[in-house]
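Hello,

Here is the structure I promised to pass on. Please open it first, then read the notes below.

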Amino acid sequence: MIAAFRKTAETFQADAKTLPQRNFVSPEIFAAEREKIFSRQWVLVGHQSQLAEPGDYFLAEVAGESLIVAKDQRSTIRAFYNVCRHRGARLCEEQNGHTAVIQCSYHAWTYALDGRLIGAPHMDETPGFNKAEYPLKPARLGLWEGFIFVNLADCPIPLEEWFAPLAGKFSRWDLGALRSAKRIEYDVRANWKLMFQNYSECYHCLGVHPELSKISPYDSAENDLTKGPFLGGFMRIASDKSLTLSGNACALPVGDFGDEDFRFVFYYSIFPNMLVSLHPDYVMVHQLEPQSPERTLIFCDWFFNPEAFERSDFDPNDAIEFWDIVNKQDWRVCELSQQGISSRAYEPGPYSARESIPAAWDREYLRHIN
């Protein structure tokens, strides 16, 4: 399979520099990012395994909006603004749960999970009132490889068209069938773009990630997506090793791989808020939720073959604890970067040839924000 991921020619711009300070600290720039990027692009909010049964729901925040993502009684996954159509009260407060209906705690207006208003006490006394005219306001939702995306734009590019460049690329991992064994939420005091830039290079790995570098050589990266909203490639894993604390595979393979492909891990960033790491025995996904110019929530999930959960030798913590160490190392240097960039002494610095993907990510970001 590795032949499908061969390195493509990279055009590194020798004069490429990091972004100006304002892009990391300005409230005005952050507001523009919400409007021009997070309100118009397909944004990751979760995975279909979070909604196992009809009636399951979770809340998602996109561009400052609270959304209810729920599976209705026909097993259709839908997204609605978390706003009552009566006087605008917030409907759901719990982050996730199971419910037969969505009911407003203010005046008990009640909605079916497909968004229809099915109960409005005493409104039959209001001349001309018609429940059919007051369903929950929907947000556009789509599924890609089992992951749930929403788009707040009025007329967004269709999800299938947006992800067309990745058609079939990850099919070996059967991402839609995987289950999360653990989610860790990280509250990072740094701008969301710094996480993308950090994720997209291993120039820092030898000094920052000694545990990772022992198993996966920092200079082994080869990139096959080098421009546009999807960026990344693969790195090598030491023979017979896995990216775990023990160095051993912790679960059944997540896909049908040949022997050669057990020696690679694939890292891709999907604009604007998804980082996906594809390993032979698990898949790790980071979902970013920018809170301010200097604060980002990150939800990290570890997905495994569903059959692995039934085995006595299943040890997801071997991978989770390994990456929790690596993640915290990354968040620390991102926070140090934020602190330094906020200084009057900061000015854009030159990217190295090993940072061609962060430079490419910056170009894609500027294309959307400018």
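Helix α2 (residues 27-38) packs with α8 at an angle of about 85°, and their axes are 9 Å apart. Axes are lines fitted to C-alpha atoms, over the stretch in contact for helices, and angles run from 0 to 180 degrees between N-to-C directions. So α2 is roughly perpendicular to α8 (65 to 115 degrees). Ile29, Ala32, Glu33, Lys36 and Ile37 of α2 make the contact with Tyr365, His368 and Ile369 of α8. Contact means heavy atoms within 4.5 Å. Helices are DSSP runs (H or I, at least four residues), as are strands (E, at least two), numbered from the N terminus.

The model is predicted: local features need pLDDT of at least 70, side-chain atom pairs count only at pLDDT 80 or more, and totals for chains, interfaces and linings use all residues. Residues are numbered from 1 along each chain as its sequence is written, and side-chain values use heavy atoms, with hydrogens and water left out.

Now His368. It sits in helix α8 (residues 356-369). His368 is buried, at 14% relative accessible area (buried is under 20%, with a 1.4 Å probe and protein chains only). Beyond residues up to four places away in sequence, His368 touches Lys36, Ile37, Gln41 and Phe271.

Where is His279 found? His279 lies in the loop between β15 (274-278) and β16 (283-292). His279 is also buried, at 1% relative accessibility. His279 and Ser242 are 37 residues apart in sequence, yet 8.2 Å apart in space, C-alpha to C-alpha.

Best wishes

Definitions and conventions: Buried means under 20% relative accessible area, exposed over 50%, partly exposed in between (1.4 Å probe, protein chains only). Angles under 35 degrees count as roughly parallel, over 145 as roughly antiparallel, 65 to 115 as roughly perpendicular and the rest as oblique.
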